[in-house]
Amino acid sequence: MTLHISLMCRGGDDRRGFASWGTWGFLPADDPVALATDPSLRSSDVSHVLVLAPAELAAEARLAATAVGAVRPDLALNVDTSVRSVGALVSAVQAVPDIASSAAEVRETVRRRLLASISGAWLPSVTKLANPNPGMGLHIRSLVARGAGFIALRDDPAWVAQLPLKQQASHRISHLAEGDAVCFGELPEPAISALFGFGLTQRPTRVDSLPDVAGEWGSAEAVEFVLRAPVVSRPRLGTCAVCGDPVWERTCPFCHAGLRGAAPTTSSGALQ
C-alpha cells in the first residue's frame, strides 16, 4: 500500500511530505484537476488517494477525485472534509505515525486527531475576518485601535477576543493541559499568554507558514495555530470484505465495500 494525501487549500504550495505509508502535498482549490496530472500519481506504486479538504471546499475536492478517477481508474479513492482549518489538516497528517499499515488506518488517525484539534489564529485586525464572526464591537475596535491584536478560535465554540485578554475573557479548554500546540509562523507573546490561559502548559512549536492565510483568516499577517488535545481512539469494527484492511466504519472508505462476514447493507448515498 502506498497512499497519497492531497490537502486542498486556497493558494498554491509546492511542499511535499514523505512517510513510510506514502506522501502528501497541497492542491490549489482554483485548479482541482491539477491532481490528475500530478507526476506522483503516474507511479504504479501509488495505490490509494485521499483528498482532504476544509468543508467549504468540498465541491472542489470531489471534482479533484473525479478527475483522478478518470485518469487512474485503478486507484482506491476517498474524499474527506472537515470543519477544521487547513492548518489543522496539515498538523493531523504530519502526526500520523510511520507504523500505520493501511490507508484506512491513516485516514482514521487523521480523523481522530482532527476531532482532538482546535483551529485558531492571531490577527492584527478582524475587519475582514468572516469565520468566526467577530461582531460589530470588535470590528470597530480594529478600526480605532491596533494594540496587541486579536485572537480567534473556530471550535469549542467559535470565539474572538481582543488582546491582551482580560481575566474574565479567557476560558479553559478541556484536556489541553495534556496536549500541545503548533503555530504556523511567529506568534506574538500576548497570543502565547492567551494560550496558556486556555490551559496550555508548554510553548507552541513553530512550523512553516501556510499558503494563503489571508483567504483563510482575512489577513496576510495572521498567524494560525492548532491546539491539540490527547487523541481518543475507537475500536475497529472489522475488516474490509474486499481488501482485508481494518475498518472503523460499516464500509471501507476506499473500497466502499462492507465488512467481512457482515450482512449486505444498502446506502442512501447521502454524505455523512
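Are Trp 159 and Phe 198 buried or exposed? Trp 159 is buried, as is Phe 198; buried denotes under 20% relative accessible area, exposed over 50%, and partly exposed the range in between, with a 1.4 Å probe and protein chains only.

This is a predicted model, in which local features need pLDDT of at least 70 and side-chain atom pairs count only at pLDDT 80 or more, whereas totals for chains, interfaces and linings use all residues. Residues are numbered from 1 along each chain as its sequence is written, and side-chain values use heavy atoms, with hydrogens and water left out.

1. Aromatic pairs. The structure holds two aromatic pairs. Rings of Phe, Tyr and Trp (for Trp, the six-membered ring) pair if their centres lie within 6.5 Å; planes under 30 degrees apart count as stacked, over 60 as edge-to-face and the rest as tilted. Trp 24 and Phe 26 form an edge-to-face pair, at 5.7 Å centre to centre and with 85° between the planes. Both of these residues, Trp 24 and Phe 26, are buried. The pair of Trp 159 and Phe 198 has ring centres 5.6 Å apart and planes at 80°, so it is edge-to-face. This pair links distant parts of the chain, with Trp 159 in strand β8 (residues 159-162) and Phe 198 in helix α5 (residues 189-198), 39 residues apart. Helices (H or I, at least four residues) and strands (E, at least two) are DSSP runs numbered from the N terminus.

2. Nonpolar cores. A nonpolar core is a set of buried Ala, Val, Leu, Ile, Met, Phe, Trp, Tyr and Cys residues joined through side-chain atoms within 4.5 Å. The largest has 33 residues, of which Ile 5 and Leu 7 touch the most other members. Two or more residues of this core come from each of β1 (3-9), β3, β4, α2 (86-94) and α3, and α2 gives the largest share, six residues. Leaving aside residues up to four places away in sequence, Leu 7 is in contact (heavy atoms within 4.5 Å) with Trp 24, Gly 25, Phe 26, Leu 27, Leu 52, Leu 89, Val 90 and Val 93. A second, separate core of 21 residues includes Ile 151, Ile 173, Ala 181 and Leu 200.

3. Helix α2. This helix is mostly covered, with eight of its nine residues buried. Among the buried residues of α2 are Leu 89, Val 90 and Val 93.

4. Cavity. On a 1 Å grid over the protein atoms alone, a cavity is a set of points where a 1.4 Å probe fits but cannot get out, and a pocket is an open set with protein on both sides within 12 Å along at least five of seven lines; lining residues have an atom within 4 Å of a point. Grid points are joined across faces, edges and corners, and a volume is the space filled by probe spheres set on the points. The whole structure contains one cavity of 30 Å³ or more. The largest cavity holds about 50 Å³ of space, and helix α3 (residues 103-115) gives the most to its lining, with three residues.

5. Second largest pocket. Its volume is about 260 Å³. Of its 18 lining residues, Leu 115, Ala 116, Ser 117, Ser 174 and Ala 229 lie nearest the centre.

6. Ser 44. This residue is found in the loop between β3 (22-28) and β4 (48-54). At 65% relative accessibility, Ser 44 counts as exposed.
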